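Here's a quick tour of a protein fold.

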Amino acid sequence: MTDEVCELVATRFANHPGELVTRDLPATADDAARAVRHFLEHGLEHFGPYEDAMSRDSRSLFHSRLSALLNLHRVLPRELCETALASDAPLPSVEGLVRQVLGWREFVRHVHEATDGFRRIDARFGGDGRGEAPQRDGAAAPSFLATTMPLPAAYWGESSGLACLDHEVAGVWASGYGHHITRLMVLANVATLLGADPRELTDWFWEAYTDAYDWVVEPNVLGMGTFAVGELMTTKPYVSGAAYVHRMSDHCAACAFDPRKDCPLTPLYWDFLARNRERLDGNRRMALPLRSLEKRGDAKRAKDAEIARIVRARLAAGLAVEPGHLADAP
């Protein structure tokens with residue numbers, strides 16, 4: 001049956017992006033059980049300390065890659081948590097797994113149900129006076145930060161010139177998967193810094209991931225990844241410059257940009273703060289970054305804005321960004 005379905009997909013949807021690798025798609029109960037055993041034996045021990053790390057040598061590192069099986073009901077959350085709790089793995093790793101499965105997963109589901117997929121939100125978070133969010137083709141389309149840039153072609157496989165983004169996009173199209181930090185701090189972070197339309201990024205996740213259900217995608221992308229509903233679900237935008245990516249991954253060693261000198265993620269970060277200063281004013285968790293922005297000075301902020309303009313223009317045109325394009329920014 002698995003071979004039959006894969007053959008159908010390869011025949012009818014040959015023009016769709018991505019790759020179809022049968023062995024990467026556990027389909028039977030035995031497949032799912034083997035995947036759980038493999039993680040417990042080879043991944044759980046180191047999951048806790050390294051769950052936020054990104055590596056070009058491994059798309060999952062010590063992650064279980066069980067999220068799709070959980071969301072497709074091939075693995076039951078309770079059974080996975082009980083099995084982990086009964087193991088002799090280090091406490092930080094067991095706690096990290098249970099927090100992801102029982103804590104975050106249940107919270108995400110609650111947010112989705114309480115807001116009808118963000119269709120019902122208060123005016124403070126981007127809704128209208130009747131408690132309804134903007135919608136597009138029946139789907140919630142809030143944009144607390146009022147961002148409207150179309151999602152760049154880099155998300156569909158064109159080179160962006162940013163090693164971190166290009167590698168993670170390629171990984172998603174190869175596997176239909178990306179762990180929580182690649183999703184949040186590369187894929188969503190870059191889109192948010194650019195000012196991409198949150199609904200377009202959400203639709204991209206719908207199309208790119210093997211377990212894209214509404215209750216999974218909308219809260220994770222609209223709520224956390226893009227801050228499209230303000231503080232309704234998370235207390236701050238999860239954005240960063242080059243320093244975070246450099247600290248948490250080995251992407252920078254493969255990039256034409258130097259994270260300490262000319263990576264555009266850093267000026268994009270400062271430009272993001274400048275563009276959204278009024279909307280973020282009063283957010284206590286953003287008080288320190290906004291104070292740092294004020295200390296940055298007019299000349300640096302003007303250069304940040306110009307670099308951000310060049311990067312957005314090139315990516316919007318489907319073109320990669322190279323160091324030479326930014327070297328002459330005033």
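Predicted model: local features only at pLDDT ≥ 70, side-chain atom pairs only at ≥ 80, totals over all residues.

Helices here are DSSP runs of H or I with at least four residues, and they are numbered from the N terminus.

**The overall build**

- Count up the secondary structure and you get 16 helices and two strands.
- The radius of gyration is 20 Å, close to the 20 Å that the globule rule gives for 330 residues, so the protein is as compact as a globular protein of that length.
- Along the principal axes, the C-alpha atoms fill a box of roughly 60 × 50 × 45 Å.
- Take the contacts between residues at least 6 apart in sequence: 65% of them join residues at least 24 apart.

- Of the 330 residues, 47% are buried.
- The protein exposes about 16,800 Å², and carbon and sulfur atoms supply 51% of that area.
- There are 37 positive and 46 negative charges, and their mean positions lie 6 Å apart.

**The nonpolar cores**

- In soluble globular proteins, nonpolar side chains tend to be buried together.
- In this model, the largest nonpolar core has 58 residues, and Tyr 155, Leu 165, Leu 187, Leu 201, Trp 204, Leu 265 and Leu 273 are the ones with the most contacts inside it.
- Several helices give two or more residues to this core, among them helix 7 (163-175), helix 9 (198-208), helix 12 (265-275) and helix 15 (298-316).
- Helix 8 supplies the largest share of the core, with 10 residues.
- A second, separate core has 18 residues, including Leu 44, Phe 47, Leu 70 and Val 98.
- Which residues does Tyr 155 touch, leaving aside its neighbours within four places in sequence? Among them are Leu 165, Val 169, Trp 173, Leu 187, Leu 201 and Trp 204.

**Back to Ala 32**

- Is Ala 32 buried or exposed? Buried means under 20% relative accessible area, and Ala 32 is at 3%, so it counts as buried.
- Once you set aside its neighbours within four places in sequence, Ala 32 is in contact with Pro 26, Leu 69, Arg 74 and Val 75.

Terms used. Residues numbered from 1 in each chain as written. Heavy atoms only, no water. Core = buried A, V, L, I, M, F, W, Y, C linked by side-chain atoms within 4.5 Å. Buried < 20%, exposed > 50% of the residue type's maximum accessible area, 1.4 Å probe, protein only. Contact = heavy atoms within 4.5 Å. Rg over C-alpha atoms; globule rule 2.2 N^0.38 Å. Areas by Shrake-Rupley, 256 points an atom, 1.4 Å probe, with all protein chains shown as cover. Lys, Arg positive; Asp, Glu negative; His and termini not counted. Charge placed at Lys NZ, Arg CZ, Asp CG, Glu CD.
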